[in-house]
Amino acid sequence: MVDATFLALSVLTIGSAIAALEMRSLIYGSIALMGALGGVAGFFLLLDSPFVAMFQIAVYVGSIAVLILFTVMLVRRELIFTKVEDPRRRYAGIGLMLVLMVGLGSLVIDSGLKSVTADEPPIDFRLIGEDFLTYYWPALVLMALILAGSVTGALVLARREDVTDEQRAD
Amino acid sequence: MSVIAPKFRLGYFIKALLDNIFWAVVLLTLAGIPAIMILLFYIDLPIIDGQILTPFLAFTWMTHPEMSVPLVKAFMQTDFFRIAAFPGFGFGALLAAGVIFVERKMLAKLQLRVGPFYCGKVEGILQLMSDGIKLLTKEIIIPAKADKPIFWVAPLLFVGTAAAFVSLIPVAPKTVVADIDVGLLAVFAIIGFFPIITVLSSWSANSKYPFIGGIRALHQMISFEIPLILSLLGVVILTGTLNLSEIVESQATYWWIAFLPVGAIVFFIAMLAELERIPFDLPEAESEIVAGWLTEFSGMMYGLVQLGSYLKLYAFAGLFVVLFLGGWQGPMVWPPFPEEIVTEGITMGPVTAQIPGLPLFSQEMLNGTLWFILKTAAVIFFILLPRGVFPRIRIDLLLHVGWYRLIGLSFVNIFIALGLLYAGVLGPEGIL
């Protein structure tokens with residue numbers, strides 16, 4: 001059962017990743033990207049970490065994919081892309097992908113991780129919180145600072161005083 | 001004489017019905033029953049009490065209450081029943097249908113109109129059914145330059161996502177489709193799909209009003225998701241769990257709205273915006289952009305989108321009840337099941353039937369469901385009420401409220417929760 005699910009997820013993820021790159025229509029490409037990111041969330045579910053899987057769906061499928069869709073819809077494709085049909089580049093890309101896959105695969109096989117035990121209980125997210133507050137606290141503080149800085153920056157950038165809004169009556 | 005069928009005669013209609021029945025019987029005997037017989041060769045039938053459960057035996061048991069009650073009880077425990085009927089889709093759709101009727105009637109009363117009146121003699125009670133039949137029989141028109149695959153799939157996805165949301169809401173103790181450890185996070189993940197479906201369907205219609213509506217919906221939903229999520233963190237901090245059933249159980253003595261009124265108000269406003277209800281119904285503003293992102297939908301596709309949005313309304317109201325109003329908790333008002341039915345059986349005239357397997361539902365479950373429905377109905381009433389009271393607000397005011405006021409208030413709510421925890425009012429040493 002786990003093997004079948006893993007295979008199906010792999011086909012879904014890799015297939016939609018290839019589709020996301022190869023599709024001529026950018027909208028369908030971003031839908032395929034959503035499929036690939038959702039497949040990754042499925043892998044997390046398979047690895048007994050629903051917490052990470054839910055965040056993967058909420059953040060990547062729910063927000064980043066929407067951002068990409070939004071950008072694609074607002075930009076006229078003809079103006080920014082010029083088609084370059086070059087078979088050599090495609091073969092080079094495929095070759096690079098194969099080299100990467102072989103390298104990563106040999107790493108994984110060398111790591112001694114050969115079997116996955118199924119039917120483990122899901123990882124408790126309270127443990128993740130505990131780890132963050134004890135062992136990984138510098139990382140947590142750093143993340144909090146970066147996030148606070150980016151939110152403040154976004155608000156400052158959005159609130160431009162020099163642009164007058166003609167629609168506003170005040 | 002109607003214009004649509006000018007040569008209508010009742011006799012023709014009855015003849016057509018009888019013809020159809022005749023052909024159904026003929027086809028069933030000549031083709032249907034042999035096909036079922038052939039199929040039965042290849043199916044492993046379950047063995048119950050040493051007997052093979054053939055269809056004939058199943059039919060026999062169905063007519064005997066003492067045999068069928070345990071079967072029904074076993075069926076109610078299956079995943080299929082849970083997803084399709086009771087705590088899942090069917091229950092939600094029934095409530096959603098009720099909400100549509102109550103909304104129309106209540107809005108009419110608020111505005112001194114009559115509302116639906118003629119269908120079904122009594123106060124237009126069958127209006128909804130007639131609307132459903134009308135939508136089913138209408139032609140589905142697809143815009144010529146629409147992106148057809150996305151356009152077809154969008155209403156189905158909308159209903160499916162709303163149903164997935166409904167499946168996470170616990171209705172009574174142990175009565176929930178998906179009781180997962182990260183229930184609240186799953187809710188956030190599912191809410192994130194609605195803007196995608198909305199903007200894809202509006203883009204695929206290839207028409208200007210849907211696209212304006214879709215972009216407005218995207219702005220509104222994305223920006224109100226942030227206060228929506230932040231306002232619930234207070235509850236998570238106080239309970240220390242993300243499981244919705246455990247959150248309900250933690251409110252046995254006090255409802256969280258008593259401690260976190262700010263969070264409840266922020267969540268309610270963000271909920272109105274996520275549901276595209278007046279005063280935040282800019283994506284469907286009928287006086288400006290026809291029907292917003294629903295403009296090009298017709299027939300049952302429109303019906304599906306409506307069903308999905310009312311399912312979503314029920315799910316959000318249920319989520320509010322679960323998080324702030326104590327879910328199924330309430331005094332026991334349901335009368336206990338009479339013991340003599342279990343011991344002596346049901347007496348109807350001269351016949352006394354001993355029926356094992358009763359009662360079908362436990363008293364706790366019925367009581368919990370009753371309280372949950374009452375509270376959900378109250379929340380839905382407050383969601384419907386602004387429609388008769390407030391005008392629609394402008395999009396820049398809406399985004400301003402979302403980004404500046406609600407996010408700030410939800411942070412205030414988080415600090416209130418932390419303060420209650422560190423002051424010792426709640427938590428391990430506190431009153432709960």
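Chain B of this predicted model contains 16 helices and four strands. Along the principal axes, the C-alpha atoms of chain B fill a box of roughly 70 × 65 × 50 Å. Of the 432 residues in chain B, 36% are buried. Among the contacts in chain B with a separation of 6 or more, 78% are accounted for by residues 24 or more positions apart.

Chain A has seven helices and zero strands, and its pattern along the sequence is accordingly written α-α-α-α-α-α-α. Chain A has 170 residues, of which 15% count as buried. For contacts in chain A between residues at least 6 apart in sequence, the share that joins residues at least 24 apart is 53%.

**Contact between the chains**

In the interface, 17 residues of chain A are in contact with 15 residues of chain B. Helix H3 of chain A (residues 50-74) supplies the largest share of the chain A side, namely 14 residues. By class, the chain A side consists of 15 nonpolar and two polar residues, with no charged residues.

One residue of chain B with partners in chain A is Leu185(B). Apart from its neighbours within four places in sequence, Leu185(B) is in contact with Phe51(A), Met54(A), Phe55(A) and Ala58(A), as well as with Leu242(B) of its own chain.

**The nonpolar core**

The largest nonpolar core comprises 118 residues. Leu185(B) is among the residues with the most contacts inside this core, together with Leu311(B), Leu313(B), Tyr314(B) and Phe320(B). Helix H13 of chain B gives the most to the core, with 17 residues.

Two packed helices are described by the angle between their axes and the distance between the axes.

| Helix pair | Axes come within | Crossing angle |
|---|---|---|
| H7(B) (residues 148-166) and H13(B) (residues 300-324) | 8 Å | roughly 20 degrees |
| H13(B) and H15(B) (residues 363-389) | 9 Å | roughly 115 degrees |

H7(B) passes H13(B) in a left-handed crossing. On the H7(B) side, the residues that meet H13(B) are Pro155(B), Leu156(B), Phe158(B), Val159(B), Ala162(B), Ala163(B), Phe165(B) and Val166(B). Their counterparts in H13(B) are Met301(B), Leu304(B), Val305(B), Leu307(B), Gly308(B), Leu311(B), Lys312(B), Tyr314(B) and Ala315(B). The residues of this contact divide into 15 nonpolar, one polar and one charged.

H13(B) passes H15(B) in a right-handed crossing. From H13(B), the contact involves Leu313(B), Tyr314(B), Ala317(B), Gly318(B), Phe320(B) and Val321(B). From H15(B), the contact involves Phe372(B), Lys375(B), Thr376(B), Val379(B), Ile380(B) and Ile383(B). By class, nine residues of the contact between H13(B) and H15(B) are nonpolar, two are polar and one is charged. Tyr314(B) takes part in the contact with H7(B) and in the contact with H15(B).

**Local features in loops**

Several loop residues can be described individually. The peptide bond from Ile278(B) to Pro279(B) is cis, with omega near 10 degrees. Pro279(B) lies in the loop between helix H12 (261-274) and H13 of chain B.

Asp48(A) has a phi near 60 degrees, a positive value in a residue other than glycine. The position of Asp48(A) is in the loop between helix H2 (26-46) and H3 of chain A. Asp48(A) counts as partly exposed because it has 16 C-beta neighbours inside 10 Å.

A positive phi is also found at Leu112(B), again a residue other than glycine, with a value near 55 degrees. Leu112(B) is placed in the loop between helix H5 (89-110) and helix H6 (127-137) of chain B. Is Leu112(B) buried or exposed? Leu112(B) has 6 other C-beta atoms within 10 Å and is therefore exposed.

Asp179(B) belongs to the loop between H7 and helix H8 (183-191) of chain B. With 14 other C-beta atoms within 10 Å, Asp179(B) is partly exposed. Asp179(B) and Glu246(B) are 67 residues apart along the chain, and their C-alpha atoms are separated by 9.8 Å.

How values were computed:
Residues are numbered from 1 along each chain as its sequence is written. Chains are lettered from A and ligands numbered from 1 in the order in which they are written. This is a predicted model: local features need pLDDT of at least 70, side-chain atom pairs count only at pLDDT 80 or more; totals for chains, interfaces and linings use all residues. Two residues are in contact if their C-beta atoms, placed from the backbone, lie within 7 Å. Helices (H or I, at least four residues) and strands (E, at least two) are DSSP runs, numbered from the N terminus. Ala, Val, Leu, Ile, Met, Phe, Trp, Tyr, Cys and Pro count as nonpolar, Asp, Glu, Lys and Arg as charged, and the others, Gly among them, as polar. Axes are lines fitted to C-alpha atoms, for helices over the stretch in contact, and angles run from 0 to 180 degrees between N-to-C directions. A crossing is left-handed if the near helix is turned anticlockwise from the far one by less than a right angle, and right-handed if clockwise. A nonpolar core is a set of buried Ala, Val, Leu, Ile, Met, Phe, Trp, Tyr and Cys residues joined through C-beta atoms within 7 Å. A residue is buried if 20 or more other C-beta atoms lie within 10 Å of its own, exposed if 12 or fewer, and partly exposed in between; C-beta atoms are placed from the backbone.
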